[in-house]
Amino acid sequence: MKLALKNFCVGLIACACSLVAPAFAQELPQPGAEHKLLAELAGEWSTKINVAGEEWTGTATYKMVHGGLWLASELDAKMPQGPFTGQGLDTYNPIKKKYVSVWVDSMAVEPLILEGEISKDGKIQTMTGKGAGMDGTLTDYKTVTEYVSKDKHTFKLWMGQTTGEPMMTAVYERKK
């Protein structure tokens with residue numbers, strides 16, 4: 001019985017490997033123009049964040065990772081209740097023709113995944129998705145980032161109601 005189970009497992013693994021092997025024979029994805037646009041954010045930033053009239057200050061670091069396909073970000077901020085930390089991964093998916101963003105932070109127990117696009121002039125990025133709300137139920141999210149210049153951008157976040165005033169606004173300025 002043990003030998004039969006072992007042979008079955010070995011056969012299953014061999015079958016799985018034969019199915020996966022052709023996928024590795026394909027060319028690896030290469031960064032495109034959209035990834036190069038994300039790469040322009042690489043560097044150190046200071047930020048001022050406004051949430052419900054409270055102002056937080058913080059720093060952010062952006063760097064390209066995984067062969068230039070992903071922009072990794074780290075945010076450290078000081079809020080009245082204590083430190084706030086967050087990490088993001090952003091990329092462009094050429095199959096969907098959409099930007100994709102994954103965000104996790106010290107106030108959430110599951111990632112927020114957003115998709116969207118950047119305007120043709122490269123100045124406005126709009127992303128939408130669904131994630132856990134403050135009460136844990138599934139809710140709508142929307143973000144709009146305005147790239148004011150190479151050294152400044154404004155990020156706005158809506159949760160639940162995706163029109164009207166954003167629940168959070170952050171202004172990022174590149175450190176000199």
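Biologist: Is Thr 154 buried or exposed?

Modeller: First, this is a predicted model, where local features need pLDDT of at least 70, side-chain atom pairs count only at pLDDT 80 or more, and totals for chains, interfaces and linings use all residues. Residues are numbered from 1 along each chain as its sequence is written, and side-chain values use heavy atoms, with hydrogens and water left out. Buried means under 20% relative accessible area, exposed over 50%, partly exposed in between (1.4 Å probe, protein chains only). Thr 154 has a relative accessible area of 13%, so Thr 154 is buried.

Biologist: Which strand holds Thr 154?

Modeller: Strands are DSSP runs of E, at least two residues, numbered from the N terminus. Thr 154 lies within residues 152-159, which is strand β9.

Biologist: Which residues is Thr 154 in contact with, leaving aside its neighbours within four places in sequence?

Modeller: Contact means heavy atoms within 4.5 Å. For Thr 154, the list is Val 144, Thr 145, Glu 146, Val 148, Thr 169, Ala 170 and Val 171.

Biologist: How many bridges join β1 to strand β10?

Modeller: Two strands pair if DSSP finds at least two bridges between them. Strand β10 covers residues 168-174 and runs antiparallel to β1. In β10, Val 171 is the bridge partner of Lys 48. The number of bridges joining β1 to β10 is seven.

Biologist: How many aromatic pairs does the structure hold?

Modeller: Rings of Phe, Tyr and Trp (its six-membered ring) pair if their centres lie within 6.5 Å; planes under 30 degrees apart count as stacked, over 60 as edge-to-face and the rest as tilted. By that rule, the count is four.

Biologist: Why is the pair of Tyr 62 and Tyr 172 tilted?

Modeller: The ring centres of Tyr 62 and Tyr 172 are 6.4 Å apart. Tyr 62 is in strand β2 and Tyr 172 in strand β10, 110 residues apart. Both Tyr 62 and Tyr 172 are buried. The pair is tilted because the planes are at 55 degrees.

Definitions and conventions. Helix = DSSP H or I, 4+ residues; strand = E, 2+ residues; numbered from the N terminus.
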